[in-house]
2 protein chains.
Amino acid sequence: MTVVDNEPDGRAAGLRARKKLATRDALSSAALRLALERGPENVRVDDIAAEAGVSARTYNNYFSSREEAICVALTADRALRVGAALRAQPADKPLAAAIVDAMVSQYCLGEPDQKTICLLFSTPALRNEFFRTTTAMEWPLAQAIAARTGLDAAHDLFPRALAGALSGAARVAAEHWLGAADGVRLADVLREALSWVATAPPAPSPLSTMGDPEC
Amino acid sequence: MTVVDNEPDGRAAGLRARKKLATRDALSSAALRLALERGPENVRVDDIAAEAGVSARTYNNYFSSREEAICVALTADRALRVGAALRAQPADKPLAAAIVDAMVSQYCLGEPDQKTICLLFSTPALRNEFFRTTTAMEWPLAQAIAARTGLDAAHDLFPRALAGALSGAARVAAEHWLGAADGVRLADVLREALSWVATAPPAPSPLSTMGDPEC
DNA sequence: CGCATAATTGCGTGGCGCGAAGTTTCGGGT
DNA sequence: ACCCGAAACTTCGCGCCACGCAATTATGCG
């Protein structure tokens, strides 16, 4: 890394970084498109690399597994957008409502096509990778929650625990939506699931007073 | 499968089924032991198979990846035990408290050795598999929640969503415990995180009344 | 323009997942 | 007690993938 390098958004950041992001994006989008066309089983890394115009070896310099490229195309910036959406919520809105609205808004823009999400659950390897990316959303979300509650995402447990719970509920909501009737909207299912989990800001005294005989 | 075959607990169920479970258990325990001794990088499938006394090809008939065998040894029956522990809770205890007590009790018996959990977070592939097994705990937990609330785990969203949120919070608690000081007990961290997520039984009218301008 | 750095690429290696065919072991029916 | 069908295990082998290494090329910067 030289003096100045890739900006987090990739805008106006030197030719090298832009090309790097371009190839990365070309690879992930090609992987997703091929997986949707042929099915994830019939996609070789050589195909993805050829589609993106790079060598197969270069592919491994960007993604360490075939599934990673597919999932990244779906959930890469969504993670950051969820955090940003939560920060953009009005400050006087209660924490739970702000979280629910932010996540629902970001989960439903883009194309939550049933085909696409169904693809993620078709193969065990893809499911695993999808779970991993789900947890990737937790960190930006935890930071946004921390900013809103005046806590520290690095040291306090509450923001991260809540983010983990929300991501778990969101994943279950997606699964449920897949098995539901066609008329059901993902936004409704997601809002319902998140509303149960999104809890009040942390109690000033986080110590629990319950008994703990075991362990 | 003939007339009578493997009982779910593996007791008194024909020699074939017992041998099957025995080899499966031998494989997973051997995988865990070798991973702890040499580190997960220096464990080949052939080693695990040789340690269990079976062929390498047979290994793939039981586990489709090397990491799966290691994680199964850690979280296989814990999933069922969590559900059983929740059902064993007194019926008059509130749902949230029952869930927290049940999960904390089952997470802390056995040997939540820091070494073992640290092993799961050492390698990305193992982390992924650990996340997957975390979700495996959701289904028994959701069934137990459904039984307690009078809902149906197969069709109602609440039990599964709550189980997903709980597993996410539990995973974050484990991560937090790894980075915490030595004096901190996993049970305390886990209880704190779960107490935030464990919510009241589902509202009789699950419909949300919030606005939903997007999508 | 020239050097340092980073990225890409070809090649080779080790390993994995799995399909097919053959062999051993178990279950149960007569 | 014996035998036959089925299930599990084994051996062989193929295709694919992740990665280290070294050479080549593109880029940043003075």
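Analyst: The surface near DNA strand D draws at least two residues from each of helix H1 (15–38), helix H2 (45–52) and helix H3 (56–62) of chain A, and likewise from each of helix H1 (15–38) and helix H3 (56–62) of chain B. Helices here are DSSP runs of H or I with at least four residues, strands are runs of E with at least two, and both are numbered from the N terminus. In total, 24 residues surround DNA strand D, and the closest are Leu15(A), Val54(B), Ser55(B), Arg57(B) and Thr58(B); a residue is near a strand if its C-beta atom, placed from the backbone, lies within 6 Å of it. By class, this surface has 9 charged, 9 polar and 6 nonpolar residues, where Asp, Glu, Lys and Arg are charged, Ala, Val, Leu, Ile, Met, Phe, Trp, Tyr, Cys and Pro are nonpolar, and the others, Gly among them, are polar.

The model is predicted: local features need pLDDT of at least 70 and side-chain atom pairs count only at pLDDT 80 or more, while totals for chains, interfaces and linings use all residues. Residues are numbered from 1 along each chain as its sequence is written, and chains are lettered from A and ligands numbered from 1 in the order in which they are written.

Chain A comprises 10 helices and 0 strands. Of its 215 residues, 40% count as buried, that is, with 20 or more other C-beta atoms within 10 Å of their own. Within this chain, the axes of helix H4 (residues 66–88) and H5(A) come within 8 Å and cross at roughly 140°, with axes fitted to C-alpha atoms over the stretch in contact and angles running from 0 to 180 degrees between N-to-C directions. The contact of H4(A) with H5(A) has 7 nonpolar, 2 polar and 2 charged residues.

Chain A and chain B contribute 37 residues each to their contact, two residues being in contact if their C-beta atoms, placed from the backbone, lie within 7 Å. On the side of chain A, helix H5 (95–108), helix H7 (124–136), helix H9 (157–179) and helix H10 (186–197) each supply at least two residues. H9(A) gives the most, with 14 residues. This side divides into 20 nonpolar, 10 polar and 7 charged residues.

Chain A averages a pLDDT of 85, and 85% of the residues score at least 70; pLDDT is the predictor's confidence in each residue, from 0 to 100. Over residues 1–10 of chain A the pLDDT is below 50, as over residues 205–215. Where pLDDT is low, the predicted coordinates should not be read in detail.

Terms used: A residue is buried if 20 or more other C-beta atoms lie within 10 Å of its own, exposed if 12 or fewer, and partly exposed in between; C-beta atoms are placed from the backbone.
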